[in-house]
Amino acid sequence: MLRWMILGWFLTFAAAQAQVVTSTMSHMNNLQLQSHLVHQKQLLPSGFLPVILPIDFIDSLSDADTERWQRKDYKGFIMRKLKTEHLFQVRKNDFTLNGDVVINLEMARQLNSSGKRLYTNSRGYRFNGTIGSRFFFETSFYESQAVLPYYMDSVAVFRGNTNTISDLTTGKGRGSIPGYGRWKPFNTSSNYSFDYTLVTGTVGVRINKNSFVQFGSDKQFVGYGYRSLLLSDVSAPYPFLRLHLAFFENKLTYTTTYAMLQSLERLPDGISGNEDLFARQGARFSYFHLQPKHWFGIGLFDATTWTFFKNSTPRNALYFSPHAFAYNQKGIVNHLMGLNAHVNPLPFLMAYTQVATNTRNATNLGYQFGLKILDPIPGLNVTLEYNHVAAGMYESNNSADSLYASQEPFQNPVTLNYYQHNDQMLGHPLGVESNETLLRVQYRLRDFMISGAYNHVLKTKSLTAIDSDYFQFEAAYIFNTRSNTQLVVGNINRTEHKSVNTIHDTYTYIAFRTQLTNRYFDF
């Protein structure tokens, strides 16, 4: 109870003058935030992430599970940096800075068919901070090489198409690592070795206590669950300009984002000079949210993707208008509309839902139902969720190209008809014609944490129906709560049943990692 009282004080009284930064979108941090809001009855809309939070509040939130024990107060510089502080940390009245080295050194016991050991080697940094009480910034960089489990090869490689050796060696092949972006090979064998990066950077200005403008390149997420049918963080970062307005002490909020997306299809030769550019399009994401009480919130989401003239300028000036929900149809490729809502019937319980439709394809519907149990006993969090995405949910049917029958968007040569960025879905990562049931359980005791996940996926009415089961278990020791640095051992078992065969993957690994962004393996 003491930690909730302290956190409540920070959020209620310190926010007016506090220096704020954007929240991280890792699932672990989101659970901590949602648990605090539920238990302390705080009214802070969190259906469109990231949100801005006071730095002191984030520091306190990271020190979870301290009501039954006292975290040691280290005096030495080395132990403070290893256990209780950011590697680079400045706290002044007019300037703050948090900086960490981010790594994921992961090694598996399995080999691929070429005798290579499965591994991931990520290195980089993450900084965020403030200048005065109004300006805030964030930047991160991840450089990675990996040999992935077999089933992830088919996710990372252009699904439904075969990249030739010539394509790979010349850089014209296409494919994207979920949550990161386009990859390039450092091995051209039939078993892919992936080289990829993740780069983000944003700056923001507070207009008042809860309103702000933000510009840069990053990802966003709409929803209260593990997945989002509307806007997910599984795609790569994209350039954007975001305006967030809050009224009546956060009871009414409106956020709108102007973004630039691209597909990993090259423009025809001769249009863009010596090196062909990727085909681009614009996007608008808008979210209107009403939360009259801490225990109930409902929002309307609107997303449009727009064709670009000469790969740089929207064909319709309405793209630049800050309004949403009503457009003439000129220049629009996809138009998704959806409902996002949550209710907290008990002090530790959150029920949430999403409903989505694409107005450019009438025969579609997506919906989500979920339940979260948040700290019924300290440290325990449970998520149970069901997602359904119908055929055509993320595809515009306004051109002859879209008549091409496809199970996945990347089987269609014209991916600009889809709601995607860098060949990764902006909505549910499993794409269309999918039904998913997932269960996630996490328990933390002091700095020890165990977690388990189960996903059952049924893809129907496709070229080849798929029925898959995914199990994951992890045990971790958290070295540093500020950077979320962990030593982890884990195991993934995935079985995929097709009409012609059954494929089983096992991935047993040990990792030393800083987990400040989501990394998706549950496909």
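This is a predicted model: local features need pLDDT of at least 70, side-chain atom pairs count only at pLDDT 80 or more; totals for chains, interfaces and linings use all residues.
Visitor: Why is Tyr477 called partly exposed?

Guide: Tyr477 has a relative accessible area of 24%, and because buried means under 20% and exposed means over 50%, that value falls in between.

Visitor: Why is the pair of Tyr454 and Phe471 called tilted?

Guide: The ring centres of Tyr454 and Phe471 are 4.8 Å apart, with the planes at 40 degrees; since stacked requires under 30 degrees and edge-to-face requires over 60, this pair is tilted.

Visitor: Which parts does the pair of Tyr454 and Phe471 tie together?

Guide: Tyr454 belongs to strand E25 (residues 448-459) and Phe471 to strand E26 (residues 466-480), so the pair ties together parts that are 17 residues apart in sequence.

Visitor: What makes the pair of Tyr477 and Phe479 edge-to-face?

Guide: The ring centres of Tyr477 and Phe479 lie 4.9 Å apart, within the 6.5 Å limit for a pair, and their planes stand at 90 degrees, which is over 60, so the pair is edge-to-face.

Visitor: How do you know that Arg284 lies over the face of Tyr258?

Guide: Arg284 is at 4.6 Å from the ring centre of Tyr258, and a charge over a ring must be within 6 Å of that centre and also within 35 degrees of the ring normal.

Key
Residues are numbered from 1 along each chain as its sequence is written. Side-chain values use heavy atoms; hydrogens and water are left out. Rings of Phe, Tyr and Trp (its six-membered ring) pair if their centres lie within 6.5 Å; planes under 30 degrees apart count as stacked, over 60 as edge-to-face and the rest as tilted. Helices (H or I, at least four residues) and strands (E, at least two) are DSSP runs, numbered from the N terminus. Buried means under 20% relative accessible area, exposed over 50%, partly exposed in between (1.4 Å probe, protein chains only).
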